[in-house]
Amino acid sequence: MRDLKYTRIKGTLDIADGDLGYWYVVENATKKVASLYGYTEIRTPIIEPTELFVRSVGSDTDIVQKEMYSFEDKGGRKISLRPEGTAPVVRAFIENSMINKGFPQRMFYMGPMFRYERPQKGRQRQFHQLGFELFGSESPLADAEIMAVLVKMLREMGLMKFKLVINSIGCEKCRPNYKRALKEYYSHHLDEVCDDCKRRYNTNILRLLDCKVDVEIAKAAPKSVDYLCDECAEHYQRLKRYLGILGIEYEEDHRLVRGLDYYNRTVFEVRHEGLGGQDAIAGGGRYDGLIEELGGPHIPAVGFAAGIERLILAMKAEGVEVPPAIVHHVYIAHIGDVVEKAFEIAEDLRRKNLTVDMDVMDRKLSAQLKHADRIGALIVVIVGENELKKGVIIVKDMETGEQSEVDEDFAVDFVIDKVREKIQL
RNA sequence: GUGGCCAUAGCUCAACUGGUAGAGCGCCUGACUGUGGAUCAGGUGGUCGCGGGUUCGAAUCCCGCUGGCCACCCCA
């Protein structure tokens, strides 16, 4: 390899060529489903006050403790590159008094997130998420809708081999009881669990449940759903009923707990079988206390985020085919002293909304055609000095190789018809 | 942050137990003086990730660094 002077920062990716088609499919599916359900886009800054994430995600979480890109700017402000998307959306909601627009409010976002982690497949330091948030409703209808949006979007991307996993972790009222029960249970098994679990026994008891080492002990542990208060239990029951009505398949997993502190009641995750270690392609839940925590009024909310790189990995694992990022409808080749005419025709075709590429390398005809073939041009217009004297140009179908001489005055319309035969415009 | 595996041309890979780099694909040119995708020929292309050490001699052995992958951790 050449001695490269500048290289990508560890854990970052250049997105180009072949992968672009996948990105477009993901982005288009997101926008399509968003509009289907009435979610409008919100674009927040990539930098935010560090404190925003400390307060929302949680000061004890790994994200805040060791994964944030934080720095002080020249004005001495403590700033972080956003590690996730929900907190910024909530911040924007409060700051812009969006409460005055009434409820519910539905928003979505897409963009880069940053976490200082050890990179591996499906995990970068700069990665991209898309997320949906629904503010204002306490009803399980909202939970069901947000999951419906997620599933619809995954299907829209061509994904099939995923499963939705749900759980309820209760609220401030009933979770303490559950935590007590868990502590009681694990206190009898403390000598059997791994070192990490011993440590988390005191710091974050819920996380013992998804330990990959002590699976059997976790499976036999008390379930949060058995400790829900009446309200939480009813919420969870109704959610499951609504999912049934929507025909959304799900699996209950009492060991599903999520790593962000702001969740309550409903938590869910979508796992894909083709991804190996990093198999969570999306995750979310209800966060009824977050808006208040960040200085707004008490407004219930529910949402999810999906990792775009992981979605693309999943699409590739399933063999989902995507259209090319760009379709070159027409390539203009020219021979002899006719560039000006060629230039004119190219522009005329573009005015008709065709994607047109034209030789600007002054290459000979065979090289021009070779290039046209490589970029996948559907039609090649050959502007030749000899033909032009007769007032005609050549239109060549690159698929069949068949070509016809066309009066130059009708050339544009002829080409448009030719392209239409091949693809829908 | 911890542990393991890996790193040769733009890509995929080769080079016996250390003897100073090769193939396929790609790209460019020609056969085809104005017709792509097939074929053939020629050409382009690497201080063997970087730095140091051992050795007469290192792509090959040792150490460090960087980057990738896998597991843990965490999460999307």
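The model is predicted, so local features need pLDDT of at least 70 and side-chain atom pairs count only at pLDDT 80 or more, while totals for chains, interfaces and linings use all residues. Residues are numbered from 1 along each chain as its sequence is written, chains are lettered from A and ligands numbered from 1 in the order in which they are written, and side-chain values use heavy atoms, with hydrogens and water left out.

**Overall shape**

Let us begin with the chain as a whole. Chain A has 15 helices and 16 strands; these are DSSP runs numbered from the N terminus, with helices (H or I) of at least four residues and strands (E) of at least two. Its radius of gyration is 28 Å, whereas a compact globule of 425 residues would come near 22 Å. That value is taken over C-alpha atoms, and the globule rule is 2.2 Å times the number of residues to the power 0.38. Along the principal axes, the C-alpha atoms fill a box of roughly 95 × 55 × 45 Å. Of the 425 residues, 51% count as buried, meaning under 20% relative accessible area; exposed is over 50% and partly exposed lies in between (1.4 Å probe, protein chains only).

**The sheet**

An open, mixed sheet is built from 8 strands in the order S1-S5-S6-S11-S10-S9-S7-S8. Two strands pair if DSSP finds at least two bridges between them. Strand S1 (40-41) and strand S8 (251-252) are the edges: each has a single partner strand, so one side of each lacks a neighbour in the sheet.

Strand S5 (residues 105-114) is mostly covered, with 9 of its 10 residues buried. The table gives some of the pairings in this sheet.

| Pair | Sense | Bridges | A facing pair |
|---|---|---|---|
| S1 and S5 | parallel | 2 | glutamate 41 and phenylalanine 108 |
| S5 and S6 | antiparallel | 10 | glycine 111 and glutamine 129 |
| S9 and S10 | antiparallel | 6 | phenylalanine 268 and glycine 284 |

**Cysteines**

The structure holds 0 disulfides, a disulfide being a pair of cysteine sulfur atoms within 2.5 Å. Cysteine 171 is in none, and the nearest cysteine sulfur, that of cysteine 232, is 3.5 Å away. Cysteine 171 is buried, at 9% relative accessibility. For cysteine 174, the closest cysteine sulfur belongs to cysteine 229 at 3.7 Å, which is too far for a bond. Cysteine 174 is buried as well, at 2% relative accessibility.

**Around the RNA**

Now to RNA strand B, which 50 residues surround; the closest are Arg115, Lys121, Arg200, Arg258 and Asn386. A residue is near a molecule or strand if one of its heavy atoms lies within 4 Å of it. By class, this surface has 14 nonpolar, 14 polar and 22 charged residues. Here Ala, Val, Leu, Ile, Met, Phe, Trp, Tyr, Cys and Pro count as nonpolar, Asp, Glu, Lys and Arg as charged, and the others, Gly among them, as polar.

Several elements each supply at least two residues of this surface, including strand S6 (126-135), strand S10 (280-286) and helix H13 (365-374). Helix H13 gives the most, with 6 residues.

Of the RNA atoms within 4 Å of the protein, 58% belong to sugar or phosphate and the rest to bases. Individual contacts reach each of these parts. A side-chain N or O atom of glutamine 120 is 3.3 Å from a phosphate oxygen, and one of arginine 123 is 2.9 Å from a base nitrogen. Alanine 282 places a backbone N or O atom 3.3 Å from a sugar or linking oxygen.

Conventions: Polar contact = N/O pair within 3.5 Å; in protein donor to acceptor, adjacent residues only side chain to side chain.
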